Structure formats: structure tokens, C-alpha cells
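Please look at the sequence and the 3D view before reading on.

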Amino acid sequence: MRRALGLCIVCACLAACSPEPQEAPSRTAREAVPEGRWIVAGGAGEAALVFVPYGGGKEIALICAMGETPTFRVETGDEAFAAVPDAAAAAILVGDLAIEGGLTRMATEAGDLAQMRTPITETLLAQIRSAERFRLNAGDAFVATGAVPEDERDAFAGQCAALAGFAAP
Amino acid sequence: MADGTMDLEGFRAEARRWLEAHCPPAMRTPMPEDEVVWGGRNPTFKNPHAKEWLEAMASRGWTAPRWPKEYGGGGLSAQEDLVLQSELRRIKARPPLFSFGLWMFGPALLEYGDEAQKKQHLPKIVRGEIRWCQGYSEPGAGSDLAALQTKCEDKGDHYLVNGQKIWTSYANEADWMFCLVRTDFTVKHEGISFILFDMRSEGVETRPIKLISGSSPFCETFLTDVKVPKDNLVGRLGGGWDIAKRLLQYERQSISAGGFGGAGGLTLVDLAQAYAPMRDGRMVDGDLRGRIAEQLMADRAFSLTVQRAAEMAKANQGVGHMASVFKVAAASQNQRKTELMLETMGAKALGWKGAGFKPEELKVTRDWLRAKGNSIEGGTTEVNLNVVAKRVLGLRDHQ
């Protein structure tokens, strides 16, 4: 598992960093297979962009919620952060926008969750629409998405804007 | 019910009741790798309850919850789909079906296929009756997929296909292939078409590619004068690249996690505590203890370096060719680590199969063998060292 994770990190970096793929191949010599699918859904004062893995396992949800202060949160299974102390610094990364804050943990019917919240701003909404990748860091651990398809990002950003009372980004 | 929230709660209650009644208890346990259900004309169900579970889910169209009902899908809205997924998670239900048809080909067919093709193929995918494989890469067209050369000629009432595909996962077990072929050699991307054919067609031959770890889904597929009905062209002639691009978007859908103490699995420390002789809480073998500590420090340093590079990339301070440095370091570090794991386990790392070894022990052995490929796949260590020499260190080519 740790081997796969290590290579995963490197592959993500290769894909993200290499300007000349012909010299630093970013594709392993195999046919890639998707790990899951993205679902955009709205309702009951929330809009969600959720990654549902095909084979079970790791999951991540980006959620906008109405309220006195409309919030954006990133939520995932707590197992990735199990060894991270409660007081550890956390950050949501939306593309190259980093928002610092604290991690919250909670028990639900479907398992233990870790999440971080931040108020929705116009800057954040614009970034949600344009950023391909999202990430939750806490201590030494992280959960990161692969590239989120543009259609799904657009739809989600539009729903978030409507919930938060901003113009569509 | 006019209120959408109430509708959704009604759906949740109904889904919960149905799942409680139809998901066998045996399907609510962690799934061993050999109990994965891929379906197909000759499906295997190592766990008999898996068949029951697949049939139940397929009867509701819930193996493809969002696909339209007329093609066998569940016809669910996005919100209902999320509710269904959360209910499945709540009871820890196993996925009823693993399928390239569900994950890749089906969504593309929904978008690009004609009505007859959708009616022919989608319901069988939902029920797991046909297993699909993807014919994309070729020996000379991997990274540059659009360079593919598999020739597809118009013979009047059919197409004739000749060429070779490689790294076709599970081609030897698949029933049908969705395949990129070249219908025009005068243009690059516009000369590519997307066709479907039955793997039982005359002229289709698959050969597994064996890997040292003993398990490999990969195959070579040889296509020699394969006759393909014209109805099996998806989209327009020469329009295959658009479909391929769409499918590649599905491929990229993933997430990753990492860190220390994060992800479970056997670590060097776990293995040392379980297998190495200890005295007063310390490993007796001081040399091995030192090398394990060194490896753990190197792992941590590497992870933090990669994390820093990723942050720099996000801040538009591109790390460029440093990616080659990371690839070389990751490969050698992982190979060293798997060697250490073997050494720590002693004779327990000599297993290949059989009752004398636990599955996690066998996995360590196979991971060690699998790690041999790390310095080849994704750019060999030699190629990456050349990049480092030229682009990072600025050395000249040998004259």
C-alpha cells in the first residue's frame, strides 16, 4: 500500500510538473483505468461535488452550504488523518489557492469523517471553477483529487454561487 | 410530495429497506481480491452470494444508477445517486460489479452511440453479461496515442482490421473490445475511428503479458483480417479521437492520499514488530534496525520533498525536470524498502502460495517482485538519468 502511495505521489507530481512529457513520461506503460466518478448534486441548502470510488475505499466530497455565513468544506474519510493530532494545522488547497484552518472530526453512520470549513468568497468561487485539483492537508497527511472534469466543476461552482448569493463565477 | 427534500428522504427510506432485504450479509464484508466480480459471458462467482447481489442490483439498474431506465440503468437523479451511495456505504456493501463497460465505454456510448448501439450494449453492461476491454495503446503508440497504426479498411459491407494492441487489460477474459483504429493515414487525429467488435471474431488473438510478480491483467492483442460490421462504428468515421479524449477524461478520475500513519497496510515497523527477534522492545539485529531507521528517515525526507515540490508547482514555480529526479529516487527507494521488508520477515517472505503463509505475507513477497518494475515503468531509470544529466545538471551528450 505504501509503495503504491509513494508512486502515486510521484505520478501526480510528474503529471503536474513535467512540461516535456516526451522526456519525462507521465504515463505508466499500461492502460489507465478510472478509480471512480464525480457526482454533482444540490438540494436542502447544500451543493455537493462527490468522488465515488468504483471499488469502495477513499472518498472525498466538496460541499457548499447555505447559512448565515455560507461555507465551503472538504470532507473525507478520517483514516488518512488518523495519526494527525487534533490541533495540527490544516489547509484546503483549491488549485494554487491555499486556505488555512483547522481539521474537524466527526462520527457518522457511514464511518468517521475529517473535514475543514471556510467561508465562501467570490475569489474562492472563481478558483473552484478554474482549479482542476483539490486537496486537504493536515499535519503530514493529505487527501487529493485527480483532475476534476470541467463540466462538473462548472456545475458545482454555479450551484455554490447561487447558494451563497453571489453571481455565477 | 412537492418538497424535493421529502422526496429524497422517501427515496432514502425505500433504498434502505430494499438494501436491507436484498444485500446478503456475506456481501457486507471486506472484499478479497479474488472475489471481485467482473461479469461476462462466462462469469466467475467465487462467493455464491456475489451472483445474487449482482442480479439484485442489476434488476434495479443500480449497477449504473444514473443511466436512463430504457437502457437498463437506474434512472436516478444525482441527489438520489448520492443517497444510494451513502446507503451502500452505511451497510458496507461490496461493489456488485467491476466493469470497464460501466466505467468507461458505457458513458461514452451514451454520449456518442446511436440508438441501436445503446439498446444493444448498455443493458448487457448493466447486468454484467458482457465484459469489455479497451484497445488503445499500441507498441508504437502509448504516450502519443494518436500515432496509432492499426489499419481499418472499408470493404463495402464491412470493415477489415489489421494491427496490434498492447497493455489491453484483461483482453484474454473480455467478450468485446472498444477499439481505436486508423481509417485514414493522410491525417493524424482526424484519421482515427472508434469501433466495437466481438473478441470471438475470427482473427482476434490475445496473449497475456506475464509479470514477475505472478499476477498481471495485461495482454497483447493481435488483429489479423478481423471483419467488423459497419454498424459497429461509434460516432462518425474519423471522429474517434473525440471519443478517445472523452474516455481519457474518465481515466483521469481519481484521488490519492498519503502521509505518515495515514493509510494502513504493512509498514516496515509493523513487520519488524511482528517478525524480527526483539529484546527489551528493541530489535536484536542492530544492523537491520539501523537500516530500517535509515529507510524510514529517507521515506519521510522524500515525501516532504515531493510535497514541497508540489506546492512550488502550484505557486507556479515549476519544478520541471526535477520530476525525473523524483522518479529515479522513488523507484530505488521503493526497491530498497521491499528488500528490507523481505529481510525483516526472514523465511516467512519465501512464500508463493499455500496455507503455510498468510495473505499479507504473500503480498509482501509479490510486492518485492513487483517493485522490480518500478525502475522500468513510467520512464526507465536510465532515461530519467539522461534527463537529469542533460536538463538538470547541464551535462553535454557524449561526443
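## The nonpolar cores

A nonpolar core is a set of buried Ala, Val, Leu, Ile, Met, Phe, Trp, Tyr and Cys residues joined through C-beta atoms within 7 Å. A residue is buried if 20 or more other C-beta atoms lie within 10 Å of its own, exposed if 12 or fewer, and partly exposed in between, with C-beta atoms placed from the backbone. In this predicted model, local features need pLDDT of at least 70, side-chain atom pairs count only at pLDDT 80 or more, and totals for chains, interfaces and linings use all residues. Residues are numbered from 1 along each chain as its sequence is written, while chains are lettered from A and ligands numbered from 1 in the order in which they are written.

The largest nonpolar core contains 112 residues, and C160(A), W132(B), M177(B) and I195(B) have the most contacts inside it. The element that gives the most to this core is helix 4 of chain B (residues 100-112), with seven residues. Helices (H or I, at least four residues) and strands (E, at least two) are DSSP runs, numbered from the N terminus. A second, separate core has nine residues, among them L271(B) and W368(B).

## Chain A

Chain A has 169 residues, and 45% of them count as buried. It has three helices and 10 strands; along the sequence they follow the pattern α-β-β-β-β-β-β-β-β-α-β-β-α.

Which residues does C160(A) touch, leaving aside its neighbours within four places in sequence? They are A47(A), C64(A), F72(A), I120(A), L125(A) and I128(A). Two residues are in contact if their C-beta atoms, placed from the backbone, lie within 7 Å.

## Chain B and its domains

Chain B has 11 helices and 11 strands, and buried residues make up 37% of its 399 residues. Its average pLDDT is 87, and 90% of the residues score at least 70. pLDDT is the predictor's confidence in each residue, from 0 to 100. Over residues 259-264 of chain B, pLDDT stays under 50.

The domain assignment gives chain B domain 1 (4-126), domain 2 (132-251) and domain 3 (268-392); such bounds come from an automatic or database domain assignment. In chain B, 16 residues of domain 1 are in contact with 13 residues of domain 2. On the side of domain 1 of chain B that touches domain 2 of chain B, helix 4 of chain B gives the most, with 10 residues.
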